[in-house]
Amino acid sequence: MTDIAALLAPLVALRHDIHAHPELGFAEHRTARVIADALRAAGLEVHEGIGGTGVVGVLRHGSSSRTVGLRADMDALPIDEKTGLPYASRHEGCFHGCGHDGHMAMLLGAAQALAADPSGIDGTVHFIFQPAEEGQGGARAMIEDGLFERFPCDRVYALHNWPALPAGTIATRAGAIMGAADKFHITLRGRGGHAAVPHDTNDTLLAAASLVQQLNTIIARNAPASANAVLSVTQIHGGHAHNVIPGEAMVAGTVRTFDPAVQDRIEERMRQIIAGIEAGFEVSAELDYDRYYPATINDPDAAEDALTIAAIVGTAHRAPEPAATSEDFSFMLQVRPGAYIWLGQGVGESPAPLHNPHYDFNDAVLETGLRLHLALARHWLAPQE
């Protein structure tokens with residue numbers, strides 16, 4: 001049997017090295033090289049450049065045609081780190097603030113452990129290291145580059161650290177676990193002019209103010225009370241001088257949903273409100289509405305299997321409700337059955353949340369994540385009588 005304890009210290013060192021050298025989506029060149037080299041050193045077949053900078057390690061054992069995919073994301077966030085750690089990011093404006101460095105270390109450790117001792121599996125494991133999860137659709141890029149044609153997966157799993165759960169707790173649920181993510185950008189154009197003679201203008205700022213108020217009525221008045229949906233205006237821009245009414249203003253934000261019908265209704269109502277703003281304020285408006293990530297929907301059987309396995313590896317928890325945050329693993333789950341799983345990493349009463357400049361992955365849960373990956377592979381590829 002593989003001595004997993006012996007793998008942990010090198011994995012922590014690798015995690016810290018990747019943390020110190022973060023790379024943004026589709027630019028994970030050093031990261032991909034480090035991962036590919038480590039997979040080769042473990043004896044795996046390695047494929048690079050999939051969907052841009054994606055890497056897949058292949059481990060075959062036995063004679064079965066059954067396959068399973070295990071996925072980790074590789075990219076960092078475009079924010080400054082403020083942890084003060086000795087292995088803090090060396091690159092200004094780039095930081096592993098979502099724990100993808102830990103995800104890679106856990107999956108790599110599972111590949112190393114399984115390569116050292118493949119007993120107990122009969123089939124093929126595909127270790128998928130995906131670029132550009134943070135809003136750029138790296139999963140979709142890998143799929144469009146032939147991921148599942150080249151590396152078939154009867155099931156596919158992904159694991160994400162979750163600071164809101166106690167360290168070592170493993171949670172998932174059947175059905176929706178993460179929301180669909182849409183973003184909208186509305187440009188209002190009117191006739192600008194001197195602030196002292198507003199009657200000679202078509203005031204885009206006044207139109208923008210009314211628009212923001214009306215957009216915030218959509219969830220309360222146009223979505224069913226049972227719907228789990230969010231609409232947030234996050235940007236308002238317009239004007240550069242105290243005495244000038246600008247001829248252009250911009251309003252932008254995000255929508256999160258779990259039901260396509262609710263998603264459709266929100267976009268429809270937004271377009272109706274914008275048309276009313278155009279008529280009421282005598283301005284023109286242009287809406288760019290982008291449904292960039294679908295909801296992450298777990299296969300019920302895959303989720304149940306994950307919960308059963310979680311009870312052996314750590315503390316299993318059936319998530320009572322989905323999160324409104326989004327995840328591009330959703331694209332993989334649209335074409336292959338599988339499940340997205342949360343691994344608790346919270347320590348103390350107020351752990352830093354994901355995407356916070358003080359966040360750091362908790363190395364204490366590396367072993368739990370590694371063992372979960374191993375157990376998922378061994379469960380699905382257990383030899384058949």
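What follows is a short chat about reading a sheet and a pair of helices.

Q: Before we start, what kind of model is this?
A: It's a predicted model, where local features need pLDDT of at least 70 and side-chain atom pairs count only at pLDDT 80 or more, while totals for chains, interfaces and linings use all residues. Residues are numbered from 1 along each chain as its sequence is written, and side-chain values use heavy atoms, with hydrogens and water left out.

Q: In what order do the strands of the open sheet lie?
A: Strands of a sheet pair through backbone hydrogen bonds, either parallel or antiparallel. Here the 4 strands go β10-β12-β8-β13, with antiparallel pairing. (Strands are DSSP runs of E, at least two residues, and helices are runs of H or I, at least four, numbered from the N terminus; two strands pair if DSSP finds at least two bridges between them.)

Q: Why is one side of β10 and of β13 left without a neighbour in the sheet?
A: β10 (230-237) and β13 (284-293) stand at the edges with a single partner strand each, so one side of each has no neighbour there.

Q: How many bridges join β8 to β12?
A: There are 10, linking residues 180-189 with 248-257. H185, for instance, stands opposite A252 in β12.

Q: How do I describe helices α6 and α8 together?
A: Two packed helices are described by the angle between their axes and the distance between the axes. For α6 (residues 204-215) and α8, the axes come within 10 Å and cross at roughly 150°. (Axes are lines fitted to C-alpha atoms, for helices over the stretch in contact, with angles from 0 to 180 degrees between N-to-C directions; contact means heavy atoms within 4.5 Å.)
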